[in-house]
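Please consult the sequence and the three-dimensional view while reading.

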Amino acid sequence: MGKIDVLVAALSLTFLALLYGFAAQRFELFPYTLLEPAFAEVDKLTRKKIDVVPHYLEPARYDWHGARAKNASAMQPGLTLLTSFWEDTNWRAALKLIDTDGSVLHTWRADGAELWPESADIMNYIKPFVHGSYLFGNGDVVFNLEFQGLFRIDACGELVWRLPYTTHHSVDRDDDGNFWVPGNVKLSVDDPQDMAYLKPFIGISPLKKVPIMEDRIYKVSPQGELLEDISMLEVLYLNDLQRYIPKISRRQSGDILHMNDVEVLDAAMARAFPMFSAGDLLVSLRHLHMVLVFDPQSGHVKWHETDDWIEQHDPDFNPDGTITVYDNNKGFGGKLGSMLGGSRLVNFDPTTGHTIVQYPPKEGERFYSQRGGKWQLLDNGNMLIAEPYAGKVFETTSDGDVIWEWINKPNNDNRVAEVMEATRYDISAEQVANWACSPKN
């Protein structure tokens, strides 16, 4: 046998070995079952190594920090509520209310170990972040500690109530003062009752040891009482939308839909949406790249769209009858989303199907959020946009001109804490000064 024949034979065997290795992992053939425990241990060790850098710190993208106003007269008046981790709270979650110049007028600590002492060990380990919030005029705030519960605390940081459900991502208040928040429950594939519940959902294959995350929507009273509990899986199957659910392999997390936003259509805004009704819910399902509107009473989906965004966040109803979506436009290659051009705000008309990029304009400033992301349409037509993993918030005019920016201060390793949310409130520094526990009190 010549050298070329030996080389061809070796390459053929190598190819067949690689092919069998792929098949063994995909279909769990020998020796996958023997090696799986080793894979799990390697995964644990890898995660431990990665966790040396906390999940909330990212390499700084900008060479400055603080606030700067490029055109203060064009800004929407009010104060901005930020949710992040902060050095002066020992890198624990907190909410801060800031003025135009970046001055902090009030701080609420959101330390899970303090708010939920019974779970202090796990809270100290995972350091949950604030994802979704609502500020009352008296200084009370309602917020999610991501996947750890919904909390209401007063201006002094004292706990008013706690809802011990795995709430996350967003908090929206309806005309009656109730809150709508995403949540989920873990369904164990080892539990016969859970599997009996999952059986009708034929698009989901058993994941063996991996729990399935079932996304739910919770309606919560201002007093912290659970009023409604809606399953998004049931909504999808009721409307024959299960075809959008991807097949889940046993190596994946079981996070099927990854709901990341729920917003209620209020009575005033409903006039602009003839195809919807007041009380309908606008929902974002990241892993399906889907935005939909449905009636929470009947479960009927009135509209859905999947084609114009990638792993989107924070769709909002607009007064002109359109819906604007924070399109993460996640690129799976290139630096900071360069392959697809970065993130966008995409404006969609559900009546006509017409779509435009609301921000950035053609010559506008580029931004990118691979995960997360919130935006707010302000009363004067401006937009307030969070770029979470850059630790940045900025306000733009309707034409796309950036008129105000704020960037979190980096730590000594030039890493910046994520800012998951920024919300402008029509409130003054004088009103804040009258709150209990105000720094000026």
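## Nonpolar cores

In this predicted model, the largest nonpolar core has 32 residues, of which Leu97, Trp108, Leu135, Phe143 and Trp435 touch the most other members. When neighbours within four places in sequence are set aside, the contacts of Leu135 are Leu81, Leu97, Trp108, Asp140, Val141, Tyr425 and Trp435.

## A sheet of four strands

The model also contains an open sheet of 4 strands, arranged in the order β5-β4-β3-β27 with antiparallel pairing. At its edges lie β5, residues 104-109, and β27, residues 419-425, each of which pairs on one side only. On average, neighbouring strands in this sheet are turned by 20 degrees against each other, with direction ignored.

Strand β3 covers residues 79-86 and is joined to β27 by antiparallel pairing over 6 bridges. Which residue of β27 stands opposite Leu82? The residue in that position is Ala422.

## Confidence of the prediction

The average pLDDT of the chain is 85, and 81% of the residues score at least 70. Residues 22-53, however, have a pLDDT below 50. This stretch has 19 contacts in the model beyond near neighbours in sequence.

Technical notes. Residues numbered from 1 in each chain as written. Predicted model: local features only at pLDDT ≥ 70, side-chain atom pairs only at ≥ 80, totals over all residues. Heavy atoms only, no water. pLDDT = per-residue confidence, 0-100. Contact = heavy atoms within 4.5 Å. Pairing = 2+ DSSP bridges. Helix = DSSP H or I, 4+ residues; strand = E, 2+ residues; numbered from the N terminus. Axes fitted to C-alpha atoms, helices over the stretch in contact; angles between N-to-C directions. Core = buried A, V, L, I, M, F, W, Y, C linked by side-chain atoms within 4.5 Å. Buried < 20%, exposed > 50% of the residue type's maximum accessible area, 1.4 Å probe, protein only.
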